[in-house]
Amino acid sequence: MTTQHDHTTADLAGSSFHLIGVGGAGMSVLAQLLAEQGAHVTGSDAHSSPALEQLLAQGLEVRVGHDADAVPPEATVVVSTAIKETNPELVRARGRGQEVIHRSQALALAARGRSMVAVAGAHGKTTTSGMLAEALTELGWDPSFAIGGVVRALGSGAHLGAGQVLVAEADESDRSFLNYAPAVEIVTNVEPDHLDTYGTREAFEEAFLDFSRRLIAGGLLIACAQDPGALRLARAAAGEGRRVVTYGSLSPAELPDQDLVGLAHVELEVEEHPAQGTRSRLTLWTTPTSHDEPVSLELSVPGEHVALDAAAAWACGVELGAQPQAMARALGAFGGTKRRFEDRGEVGGVRVVDDYAHHPTEIQALATAAREVAQARGGRLLILFQPHLFSRTQAFAERFGQALSLADLVVVTAVYPAREAQEDFPGVSGRTVSEHVPGGRYLADRVEAARSLADAAQRGDLLLTVGAGDVTEMGQVILDRLAERGLDGPGGEAA
C-alpha cells in the first residue's frame with residue numbers, strides 16, 4: 001500500500017525527496033527548489049552531466065548510477081515519464097510502498113502559496129519563461145522560477161525567491177501540465193507534437209483546452225494569435241468564460257478576433273538589424289482600442305520568434321502588475337538562455353552557435369534568424385542537426401527537411417533516442433531527415449559529423465549545432481577542428 005502525504009509549502013522543510021533521473025533539465029531544477037525550501041533531497045542519474053555536477057557543488061546528495069540501496073526509506077520518490085518501471089530504485093520504492101509522484105506533482109507542491117505562471121507550447125517555453133523570470137528579477141520582484149534551461153544573467157534555471165510569483169515551464173509531452181493550477185498561463189503555440197502520446201491533433205489540442213481549465217478563478221490565458229492552434233484555444237477558452245489575452249505581429253486590421261467579447265491583443269512589430277547582429281525592435285499595445293501610448297522594446301536576441309516570446313512575457317508582466325514601460329525596459333536586458341542561440345566561440349572568422357531547437361517550427365525560425373546573421377557577416381549558414389526522438393523524426397521528417405533547407409550546408413547525425421528504443425522504429429534514422437534536405441548529408445557518428453562540417457567551413461560562416469540531445473557537446477569539437485586547420489585567429493585562413 002502506498003503511503004500518502006498532504007505536503008504543503010510550510011511542511012516541506014524536514015521532508016525527504018529522492019529524485020530518479022535528477023540530472024535531467026526539469027528534475028535538476030526541481031531538486032534545487034525543494035532543497036531551497038529545506039527538504040532533504042537525494043537523487044541519481046544514469047550518467048554524469050553539468051546539471052548533476054552543479055547539484056553536487058551545491059551540496060546535494062546526488063550520484064551517478066542507479067542503486068536500490070540509495071533510496072531513503074522515508075523519502076517521497078519523484079520520477080519523470082522517462083523513468084521505466086524496471087528502474088531498480090523505483091522497484092525498491094514500490095516494493096516498500098513508498099509514495100511515488102511525478103515531477104510535475106512535486107513542482108505543484110513547491111508552487112503552493114505562490115502565484116504560478118505556467119508557460120506551455122510545443123516550442124518557445126524556455127525562452128519565454130526565462131525572459132519573464134529575468135525581467136521580474138530586474139524589477140526587484142525576486143520571483144521563484146523552474147526553467148528547463150539556464151538563464152545566462154541569473155546563472156541558473158531554478159530559484160526560490162522571496163516574491164509571490166513562480167514562473168515554470170509546463171510540459172505537455174506527457175500531460176503533466178495538467179497537474180498545475182496556475183494564476184496565469186502562457187501558450188506560445190499549440191502545434192502538434194508528441195503524437196506518440198496523443199495520437200491525433202484533436203487530442204493534442206483538447207489537452208491544451210483542459211490545461212486552460214486548470215486556471216484558478218479569475219486567472220488569465222495569454223495565447224499567440226499567430227499560431228492557428230493557440231488561436232483556436234483562445235477562442236474556445238473565451239467561449240467557456242475564461243479571461244484571454246492574445247498577442248502577435250498583427251496590424252489592427254488583421255486582428256482575427258475583434259468580434260470576440262473579452263479578447264484583448266498585444267500588437268507586435270519587428271524590425272531586424274542584422275548588421276548589428278542581434279537587434280529587434282518591438283512596438284507593443286495593451287489592446288487594439290487602448291488610448292495608452294504604445295510601448296517600445298528593443299531586444300539583443302535575434303529572431304521574430306524571440307520577439308513573439310517577449311510580447312508574451314510583457315503581457316504577463318503587465319497582468320501581474322508591472323508598469324508597461326518598466327516591464328519593457330526589464331525585458332530589454334534579456335541576454336538569452338543557455339542553448340538558445342548561445343555563442344560557443346569563433347575561430348578564424350567562423351562563429352559557432354548552439355541551439356536547443358528540436359521541432360520543425362523552431363528550426364525554421366532559428367534558421368531564418370541565423371541566415372540573416374550569416375549574411376550580415378558575409379558568410380554562409382551551416383547546420384549540424386541531431387534529431388531528438390525516433391517518433392518525432394518519423395512524424396516530421398519532411399518538415400525538418402524543409403526547415404533545414406534554409407541553410408547552405410547541412411549534416412544530420414544519428415537520432416538522440418532519449419526515452420525511445422531504435423527497435424521500436426525500424427528504418428527511422430537521421431537519414432530519414434537528410435533525404436529531405438537538398439545536398440544534405442547523413443553521418444551517424446556525431447563527432448565525425450561535427451568534424452566534417454568544420455572542414456567545410458570558411459571565414460565568415462555561421463555554424464550551428466542544433467538539437468535537444470548531446471549535440472551540444474560538438475561545439476568544442478568543431479572549434480578544435482577549426483584550430484587544427486590553422487584557423488586560429490579572427491579572420492584566419494586555413495593552413
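A salt bridge is taken here as a side-chain nitrogen of Lys or Arg within 4 Å of a carboxyl oxygen of Asp or Glu. The structure is a predicted model, in which local features need pLDDT of at least 70 and side-chain atom pairs count only at pLDDT 80 or more, while totals for chains, interfaces and linings use all residues. Residues are numbered from 1 along each chain as its sequence is written, and side-chain values use heavy atoms, with hydrogens and water left out.

By the salt-bridge rule, the count comes to 22. One of these joins aspartate 470 to arginine 446, with the closest N and O atoms 3.7 Å apart. Aspartate 470 lies in the loop between E22 and helix H15 (474-484), and arginine 446 belongs to helix H14 (residues 446-456), so the pair ties together parts that are 24 residues apart in sequence. Helices (H or I, at least four residues) and strands (E, at least two) are DSSP runs, numbered from the N terminus. Aspartate 470 is partly exposed at a relative accessible area of 22%, and arginine 446 is partly exposed at 25%. In these terms buried means under 20% relative accessible area, exposed means over 50%, and partly exposed lies in between (1.4 Å probe, protein chains only).

Salt bridges that share partners also join Glu206, Asp210, Arg213, Glu240 and Arg242 into one network. Glutamate 85 counts as partly exposed at 48% relative accessibility, and arginine 94 as partly exposed at 43%. Side chains of opposite charge can pair when their charged atoms come close.

For the protein as a whole, the secondary structure comes to 15 helices and 22 strands. Of the 495 residues, 56% count as buried. The accessible surface comes to about 19200 Å², of which 49% belongs to carbon and sulfur atoms; accessible areas come from the Shrake-Rupley method with a 1.4 Å probe, and for residues only the protein chains shown count as cover. Among contacts with a separation of 6 or more, 66% are between residues 24 or more positions apart, a contact being heavy atoms within 4.5 Å.

Strand E2 (residues 40-45) has five of its six residues buried, so this strand is largely enclosed by the rest of the structure. Strand E1 (residues 16-20) runs parallel to E2 and is joined to it by five bridges; two strands pair if DSSP finds at least two bridges between them. Phenylalanine 17 has valine 41 of E2 as its bridge partner. E2 also pairs in the parallel sense with strand E3 (residues 61-64), over four bridges, and here aspartate 45 is the bridge partner of valine 64 in E3. Together, E2, helix H2 (residues 50-57) and E3 make a right-handed β-α-β unit. A crossover is right-handed if, with the strands pointing away from the viewer, the path from the first strand over the helix to the second runs clockwise.

An open sheet of six strands shows mixed pairing and has the order E17-E18-E22-E19-E20-E21. Strand E17 (342-347) and strand E21 (441-442) stand at the edges, each with a single partner strand, so one side of each is left without a neighbour in the sheet. Within the sheet, E18 and E22 pair in the parallel sense over five bridges, and arginine 351 has leucine 462 of E22 as its bridge partner.

Helix H11 (residues 360-377) has 18 residues and should span 26 Å at 1.5 Å a residue, which agrees with the 25 Å between its end C-alpha atoms; the expected span is 1.5 Å times one less than the number of residues. Buried residues of H11 include Pro360, Glu362, Ile363, Leu366 and Val373. The buried residues of this helix pack against helix H9 (304-320), strand E18 (350-355), strand E19 (381-385), helix H12 (390-404) and strand E22 (462-466). Just after H11, glycine 378 takes a positive phi of about 80 degrees.

Histidine 123 is placed in the loop between strand E6 (115-120) and helix H5 (125-138). At 13% relative accessibility, histidine 123 counts as buried. Leaving aside neighbours within four places in sequence, histidine 123 is in contact with Thr188, Asn189, Glu191, His359, Thr361 and Glu362.
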